[in-house]
Amino acid sequence: MLSFLIRRLLQTIPTVLAVVLLVFVLFSVVPGSIVSTMSDDSDPQVELRMKKQLGLDQPVYMRFGAYVARLATGDLGASFRTREPVTTMIAKRAWPTLQLIFASMAFAVLLGVPLGFVAALRPGSLVDTVSMVLAVSGLSLAKFWLGLLLMYLFALRLGWLPSFGYGDGSLKYLILPAVTLGVSPMALLARTTRAAVLEIMTADFVRTARSKGMSETRVVKWHVMRNALVLILTTMGLQFGALMGQAVVVEKLFSWPGIGSLLVDSVLQRDIPAVQGSILVVVLFFLAINLLIDVLYGVIDPRIRYA
Amino acid sequence: MFRTIAIVAGLGLALAGTVEAQTPRKGGTIRMTAPYGSSFTSLDIHTTQRAQDEIYAKALHRSLYIWNSAQGKPVLELAREDVVSGGGLVHTFKLRDDAYFHNGRKMTADDVIWSYNRIMDGSKAYPGARYVRVIEGAAAVEKGQAKDISGLKKIDDFTIEMKLTEKVDPGFYFFTALTSIYPADEAAKESFIQKPIGLGPFKFVEHVPGSRIVLERWDRFYRPGRPYADKVIVSVMGEAAARDVAFRNKEIDTSVLGPAQYVAYQSDADLKGTIVEVAEVFTRYMGMNTSFKPFADKRVRQAINYAIDTDLIINKLVKGKAYRASSWLPLTSPLYDKTMKPYAYDPAKAKQLLAEAGYPNGFEFEWTTSQNESWGLPIVTAVIPMLDKVGIKAKVKQVETAVLAEVVRSGDYQAFIYSQATGPDPQAALKCFHSATPQSACNYMNFRNTDFDKLVDEAGQVDDPAKRGQLLQKANALLYEEAPVWFFNYNKAVMAVQPWLKGIQLNATELTHQNVEDLWVDETSPAK
């Protein structure tokens with residue numbers, strides 16, 4: 001297991017480097033700079049001094065070298081705008097984003113997987129049709145619109161939940177943004193689970209289990225569920241990454257204090273260190289989740305560990 | 001001075017009238033919204049010029065002057081007296097001796113001098129430098145040629161002398177939060193940005209990035225009986241639709257309205273009474289680069305103004321949430337000339353002018369724009385067919401707002417559409433078109449006209465305010481005739497205010513910027 005982990009960790013290094021390079025180069029060539037966003041009326045000499053102070057007068061390759069050197073020590077640099085360390089800025093927002101993403105995924109898994117199972121066990125039934133219509137609708141809904149709809153219903157009409165904000169970080173503030181973000185992965189998980197279960201149900205080993213006289217409950221529990229889990233886990237892993245990106249919309253809509261809103265504002269203000277740091281954290285999170293999923297594959301199906 | 005009363009909606013007036021009739025209630029929480037983005041830029045207000053950040057800063061900080069919406073002009077705030085001498089260039093300020101920072105220390109002249117020196121640190125490009133630069137010797141500090149501003153002298157702990165480079169009203173330069181006075185000792189520390197200390201009526205409690213700032217009453221605030229409220233919460237709410245739900249759900253006390261919501265609120269009997277509106281000192285326009293050959297001819301620039309049905313765009317596209325521009329100086333400017341009439345929609349006249357200028361078949365130009373809904377792509381898209389009718393073809397070049405700011409300052413455009421502050425100081429607004437003003441400052445069209453320069457220069461020399469006003473009005477009229485821009489509109493800021501929130505000020509510089517100490521909530525507020 002340890003060598004497997006080390007191998008997978010080493011495989012992430014080129015990905016991280018590629019992302020770092022891509023983001024750096026991209027924000028070095030796009031027009032607009034922090035200096036122009038700070039003042040409508042600054043002296044050109046002052047602009048030059050500021051660019052020098054921020055290191056923006058250096059060639060791209062030198063800036064990149066210095067950035068990578070700092071990164072190797074865990075230093076993401078300081079925000080051009082606030083002069084705060086980027087790690088501090090991200091740390092302040094990481095927990096709310098993680099809260100939102102894990103709550104969304106919990107909602108998606110707890111609802112989507114059983115829905116997919118139920119639909120697959122009764123293919124063509126009313127339950128199957130209804131759950132798949134719901135799943136397709138969930139995938140098609142724009143998050144912004146769904147969020148507004150939920151706000152309108154649960155905050156304005158029913159008065160059960162607050163419509164926006166982080167409050168004291170309690171559950172009642174988390175529910176609406178988490179459901180808004182979680183509906184799409186829930187729908188995808190329901191469809192994936194249904195497809196996986198339907199396929200496994202017709203597999204030879206399931207037929208063999210049934211022919212040996214095993215009860216349907218045991219067949220589903222020991223053979224179907226376990227094998228379907230591999231596909232479900234894969235979908236979950238990919239969805240975690242997607243959620244990090246999609247959270248930007250939801251965080252803004254609900255005034256949720258996550259990394260998404262930091263990223264959006266930093267891009268608009270050309271606060272390059274904050275943009276680079278935010279994207280790097282998102283990428284590292286995505287890679288960490290996928291590494292975890294890979295480890296879990298090995299737990300579910302030991303053959304994968306040695307592959 | 002300002003004629004805000006002319007442009008207040010009837011129900012907005014009723015709301016203000018109620019303030020006079022009732023006794024302010026102590027206590028409660030004011031729940032404001034910051035609608036211009038996904039977060040606050042910084043807790044160091046010297047570093048940010050975004051309107052979003054000044055919303056909280058009005059509660060936390062104080063400057064030498066403050067904007068008085070009722071009088072429509074800046075008035076002394078941290079100083080009790082300003083004695084003018086030296087031919088109008090030297091101002092001796094007697095500072096308040098009862099202003100305490102939130103750490104309990106009394107403000108002195110050293111704090112004022114320290115703060116202005118900080119703002120002029122050229123390696124940081126603080127946006128407030130554009131104002132402090134009016135003090136003699138400030139530019140040298142900015143350029144790194146001096147350590148301290150020579151025109152700023154401490155007479156004693158509560159008296160400072162300020163020598164200006166030109167004869168202007170310093171109130172217009174030192175009233176925004178960009179020139180807030182910081183505590184010299186505390187603000188130098190790294191921790192200041194995490195827990196800012198100011199002189200305002202509310203002290204900092206908490207900042208949840210991307211969500212809210214919470215402030216609570218500062219009991220040693222210098223104005224007796226103020227502030228009224230115990231607490232202020234400023235929530236970041238960049239999405240108009242989300243604000244709408246929260247406002248209807250009574251979770252927030254103020255909400256800025258966009259064009260679509262403005263129409264919806266006006267037609268809703270329950271919400272109509274919550275609307276407050278004011279003409280802000282911003283002029284929206286299409287700037288034309290005179291180094292692009294067709295735009296070098298005044299007749300072509302005038303033709304553009306005649307070719308566009310501006311009223312139609314304002315009524316249908318902007319949903320009436322703007323006032324037609326009839327010159328550069330906006331409706332709320334003290335020098336707004338109501339006798340001036342906007343260019344009429346007259347395509348025939350436009351064609352005639354184009355023919356006279358040598359463009360009978362029109363020409364093609366590139367129009368740089370951002371996506372802004374009020375002065376960006378939607379407006380450009382609506383104007384293009386109108387220009388097409390007179391033979392002018394416009395090609396759209398879409399850029400981000402941050403990029404647009406660079407484009408206009410560098411002159412790298414043929415035409416652009418923008419919103420520019422045209423007040424509150426009319427002299428400063430018109431000076432942008434003076435040939436001595438660099439393009440990178442605010443002479444974005446690189447306008448050069450000797451008659452205009454003469455009028456503005458003369459206005460800067462005279463002592464009589466009435467005479468100065470006349471000269472500047474003449475300059476404004478000349479600008480209108482020269483038409484370096486398509487005069488589009490003056491922004492109409494619209495805000496919905498809950499009936500329990502009293503004391504809203506019709507601030508023409510930015511409606512969301514409220515002197516929070518004068519706001520109060522009655523007992524019907526759901527926030528206790």
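## Interface of chains A and B

A salt bridge is taken as a side-chain nitrogen of Lys or Arg within 4 Å of a carboxyl oxygen of Asp or Glu. In this predicted model, Glu239(B) and Lys252(A) form such a bridge, with their closest N and O atoms 3.6 Å apart. Three salt bridges are counted between chain A and chain B.

Contact (heavy atoms within 4.5 Å) involves 48 residues of chain A and 50 residues of chain B. The side of chain A that touches chain B has 20 nonpolar, 15 polar and 13 charged residues; here Ala, Val, Leu, Ile, Met, Phe, Trp, Tyr, Cys and Pro are nonpolar, Asp, Glu, Lys and Arg charged, and the others, including Gly, polar.

## Aromatic pairs

Over all chains there are 38 aromatic pairs. Rings of Phe, Tyr and Trp (its six-membered ring) pair if their centres lie within 6.5 Å, and planes under 30 degrees apart are stacked, over 60 edge-to-face and the rest tilted. Tyr65(B) and Phe93(B) are edge-to-face, at 6.1 Å centre to centre and 90° between the planes. Both residues are buried (under 20% relative accessible area, with exposed over 50% and partly exposed in between; 1.4 Å probe, protein chains only): Tyr65(B) at 5% and Phe93(B) at 0%.

Phe416(B) and Tyr418(B) have ring centres 5.8 Å apart and planes at 80°, so this pair is edge-to-face. Phe416(B) is buried at 0% relative accessible area, and Tyr418(B) is buried at 8%. Ring pairs place both in a cluster with other residues, among them Tyr285(B), Trp328(B) and Phe452(B).

## Basis

Residues are numbered from 1 along each chain as its sequence is written, and chains are lettered from A and ligands numbered from 1 in the order in which they are written. Local features need pLDDT of at least 70, side-chain atom pairs count only at pLDDT 80 or more, and totals for chains, interfaces and linings use all residues, while side-chain values use heavy atoms, leaving out hydrogens and water.
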